[in-house]
2 protein chains.
Amino acid sequence: MVTPLWIAVDWGTTRLRVWAMGPDGPLEARSSDKGMGGLDRDQFEDALTELVGDWLPATGRLPVIACGMVGARTGWVEAEYRQTPCPPLDPQHATRPKVRDPRMDVMILPGLSQAAPPDVMRGEETQIAGFLAENPGFDGMLCLPGTHCKWVRLSGGKVIAFRTFMTGEVFSLLSRQSVLRLSMTDAQPDAASFAKAAAEALANPNLAQTGLFAIRAGSLLTQTSPEANAGRLSGLLIGAELAACRDFWQDRPTVIIGAPQLSGLYERALRDAGADARSADGGMLALSGLTAAFHELETT
Amino acid sequence: MVTPLWIAVDWGTTRLRVWAMGPDGPLEARSSDKGMGGLDRDQFEDALTELVGDWLPATGRLPVIACGMVGARTGWVEAEYRQTPCPPLDPQHATRPKVRDPRMDVMILPGLSQAAPPDVMRGEETQIAGFLAENPGFDGMLCLPGTHCKWVRLSGGKVIAFRTFMTGEVFSLLSRQSVLRLSMTDAQPDAASFAKAAAEALANPNLAQTGLFAIRAGSLLTQTSPEANAGRLSGLLIGAELAACRDFWQDRPTVIIGAPQLSGLYERALRDAGADARSADGGMLALSGLTAAFHELETT
């Protein structure tokens, strides 16, 4: 039977992941599809207990440290936003939801905000803390692609600035629901078409406007392949994103952390543009950040 | 009882509109929601007969001239694309679907294509012909906003070049289905927020990338209103579109033809940018173009 010291929780919009934590790291990991997006406020505690119930002690109270969209306005309880520039973590400012079970001391870590231009993050700040724990002194950019891509400027252990792009969500909507779906439904983006379109859009961001319907027209007039069309759409959108954050990556090292296929596209486009960019495995970064938060609470 | 000389048909993706035409114009108008998008190939003739059946003569054969998406690959029969530069109409190259009823001679007018950059239109060419019939000698731009916005360069009675933007479809997807829906659902765009955002995006097209999630973040951090958020999204997208076709409207008169509210937004943004732009009523342009096609067939 597992008897953890504390419990780590990464609670996003679609997934809930938990770890029973011992003094040297995770003893056991579990997950469910009870993400924040599908839960009403009064369903969070049960969704958590379902996964961690048998880890809880007969007596006493276990720290449960959570990050992610669980702290959104429509989540379990709204956790605060800490304003950048600041270090990514501050577990002292965690927010405690009301919990019926006395064996859990649930703390939801704050997100980060930026006043101008307005921006917010919830969950990524903990991944960033995990990255800094593993790479102390890093000075450069983190790029976290996904539904929304976060670009994060790190220096001196702090998040100096960040910028969120909706590129992944826009690609998903355009490729599946707009007229472009007729030219690419569910095709895997072709790498060469991607790279060519990304370079074109990086040189001329107007292509993110003029180049969209041209994909449909090209497929009607010259029978371009669904794979080439999907690659071109992805390249136009990511190229325009890179053009819009050139000031971030131009003269600094960039580490890309995300799903391997998508990270590979960003890395290819950045390298083609002469950037100092590399991909890194970020699968355990949230856990590293949650662990850093636990240690910070322990020592204060 | 109406006894037309010919029948005019404007058959788009969502609507079917027909007119019984006499020597001096329409005798009667009818419409249904049997647009091309909801019909299988073998359902087109019945959808048409449903509306025009009692207009057909006891003996003889009536010309039925149609334009629009009825001629798409997934329509009644694929009509050809004529390559620009060319005059917008050529009824001699209409395509005849197989029709069971011997009293109808159905002709679907060709669309227009452009090889580089690749582009196509179906239906707008007939509106353009209607505009030229009413404004012979016009030299300048037509802007036809809608789900897809067509910019059309006209000179010497010909379509010289055109460019299609998916701005309307992108706005619809982002405002109703992306994370931005949480900040604007179905709100009417605020005019001042629209104008400010359009001017910003026209000056810096990167805002069409960086400015999207900032709308959501702004509504979380400073409680911007749904109307302001919808106005800002519309302004960013239309401003980026105008930036991407500045070469079209910069030194030429532009006539905007579309739904009044949307046309008003384009006119505002163009005028703010110093363009020579005005809106015009285009409600009957398709009918004018179909009439021009009928006369051209009559005289040849």
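**Ground rules.** I am working with a predicted model, where local features need pLDDT of at least 70, side-chain atom pairs count only at pLDDT 80 or more, and totals for chains, interfaces and linings use all residues. Residues are numbered from 1 along each chain as its sequence is written, chains are lettered from A and ligands numbered from 1 in the order in which they are written, and side-chain values use heavy atoms, without hydrogens and water.

**Entry 1, the two chains.** I looked up contacts (heavy atoms within 4.5 Å) and found 38 residues of chain A meeting 38 residues of chain B. In chain A, Met166(A), Gln209(A) and Phe213(A) lose the most area to chain B, together 21% of what that side buries. H5(A) gives the most to the side of chain A that touches chain B, with 10 residues.

I placed Gln209(A) in helix H5 (residues 207–222) of chain A; helices are DSSP runs (H or I, at least four residues), numbered from the N terminus. Is Gln209(A) buried or exposed? Gln209(A) is buried, at 11% relative accessible area (buried is under 20%, exposed over 50%, partly exposed in between, with a 1.4 Å probe and protein chains only). Not counting residues up to four places away in sequence, Gln209(A) touches Phe165(B), Ala208(B), Ala240(B), Glu241(B) and Ala244(B).

Conventions. Helix = DSSP H or I, 4+ residues; strand = E, 2+ residues; numbered from the N terminus. Buried area = accessible area lost by both parts, 1.4 Å probe.
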